[in-house]
Amino acid sequence: MFRKKFPLVRHGGAALLALALSACGGKSADTPVTGAVPATPGVVAAARPMPDKTSADCSVVFYGDSILNGSYVKEELSMRHARHPAAELKAQRPAWRIDDRTVPGQSLAKVAKGFHGDPRDARVVVIESGIAEGWSGGTVLTHLPWMIEAVRFEGKIPVLTGYSRQTPNAFMTPDKLAGRDRIDDEAKRLARDMDVEFADFGSAGPAELIDDVHPTQEYSLRLTAKLIEALDRVAPECSHH
């Protein structure tokens, strides 16, 4: 596991919110991930003939928070699981060239702010951010629809994820839990209505937490498995080992 100091956050109140969000997407100081791991884009298999594996464009960019980053909090430090999503995708699907732009605390609004001007050459664009909006009573529908259209205008393939689950605790109040469920439903319906591939994080089994918010290594691996399933559907030519 990699250790990186982030602003100290203590359980309870706004401080824990900052901590929970800051662990949602940071990069390891010891092992940089952004641009370092191969990833792959996706195309719905039925939409076109499967290209030759030797010429397949297997590239993907991740936009997300600490969940897609694989981070958690231990003794007021932001840690990262050894088998975080980008690393596990690379291990399971070596063909992928992964541009990991996950950032701890990265809300969907933060991603959206620079999304139009953010240069990206990956064939598949995965968007996971949004839990911050759910916890605060907001919606992911302000930004996700136009972001999907922007990705498609670029000739790329969007993939949405659902949101990992938490259990009731001092930080995860009933309002926050309900907010998570609400935006998960929003993202799922949007993916269906706009014909976007959806990685159903909400169906990844029981919520097993290492702190008040973040998945254990095993739960994180189940979330990653859902993402890999979605990528295999959009880019089966990139699923070879």
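At 26% relative accessibility, Glu 76 counts as partly exposed, where buried means under 20% relative accessible area, exposed over 50% and partly exposed in between (1.4 Å probe, protein chains only). Glu 76 sits in the loop between strand 4 (71-74) and strand 5 (77-80); helices (H or I, at least four residues) and strands (E, at least two) are DSSP runs, numbered from the N terminus. This is a predicted model, in which local features need pLDDT of at least 70, side-chain atom pairs count only at pLDDT 80 or more, and totals for chains, interfaces and linings use all residues. Residues are numbered from 1 along each chain as its sequence is written, and side-chain values use heavy atoms, with hydrogens and water left out.

**Positive phi values**

- Most residues other than glycine have a negative phi.
- Glu 76 has a positive phi, near 65°, and is a residue other than glycine.
- Asp 195 also has a positive phi, near 55°.
- Asp 195 belongs to the loop between helix 7 and strand 9 and is exposed, with a relative accessible area of 65%.

**Aromatic pairs**

- A search of the whole structure finds 3 aromatic pairs. Rings of Phe, Tyr and Trp (its six-membered ring) pair if their centres lie within 6.5 Å; planes under 30 degrees apart count as stacked, over 60 as edge-to-face and the rest as tilted.
- The ring centres of Phe 115 and Trp 146 are 6.3 Å apart and the planes stand at 75°, so this pair is edge-to-face.
- Phe 115 is in the loop between helix 4 (108-113) and strand 7 (124-127), and Trp 146 is in helix 6 (residues 144-153), so the pair ties together parts that are 31 residues apart in sequence.
- Phe 115 is buried, at a relative accessible area of 0%, whereas Trp 146 is partly exposed, at 27%.
- Trp 135 and Phe 171 form another edge-to-face pair, with 5.5 Å centre to centre and 80° between the planes.
- That pair links distant parts of the chain, 36 residues apart: Trp 135 is in helix 5 (residues 131-135) and Phe 171 in the loop between strand 8 (157-161) and helix 7 (174-193).
- Trp 135 is buried, with a relative accessible area of 8%, and Phe 171 counts as buried at 2% relative accessibility.
- Tyr 63, Phe 115 and Trp 146 are linked into a cluster by ring pairs.

**Charges over rings**

- Arg 120 lies over the face of Phe 115, at 3.8 Å from the ring centre. A charge sits over a ring if NZ of Lys or CZ of Arg is within 6 Å of the ring centre and within 35 degrees of the ring normal.
- Lys 176 lies over the face of Phe 171, at 4.8 Å from the ring centre.

**Helix 8**

- Helix 8 (residues 217-234) has 18 residues and reaches 26 Å from its first C-alpha to its last, close to the 26 Å expected at 1.5 Å a residue. The expected span is 1.5 Å times one less than the number of residues.
- Buried residues in helix 8 include Gln 217, Tyr 219, Leu 223, Leu 227 and Val 234.
- The buried residues of helix 8 pack against strand 3 (59-63), helix 2 (66-69), helix 3 (85-92), strand 7, strand 8 and strand 9 (197-199).
- Ser 220 lies in helix 8 and is buried, with a relative accessible area of 2%.
- Leaving aside neighbours within four places in sequence, Ser 220 is in contact with His 81, Pro 85 and Pro 215, contact meaning heavy atoms within 4.5 Å.
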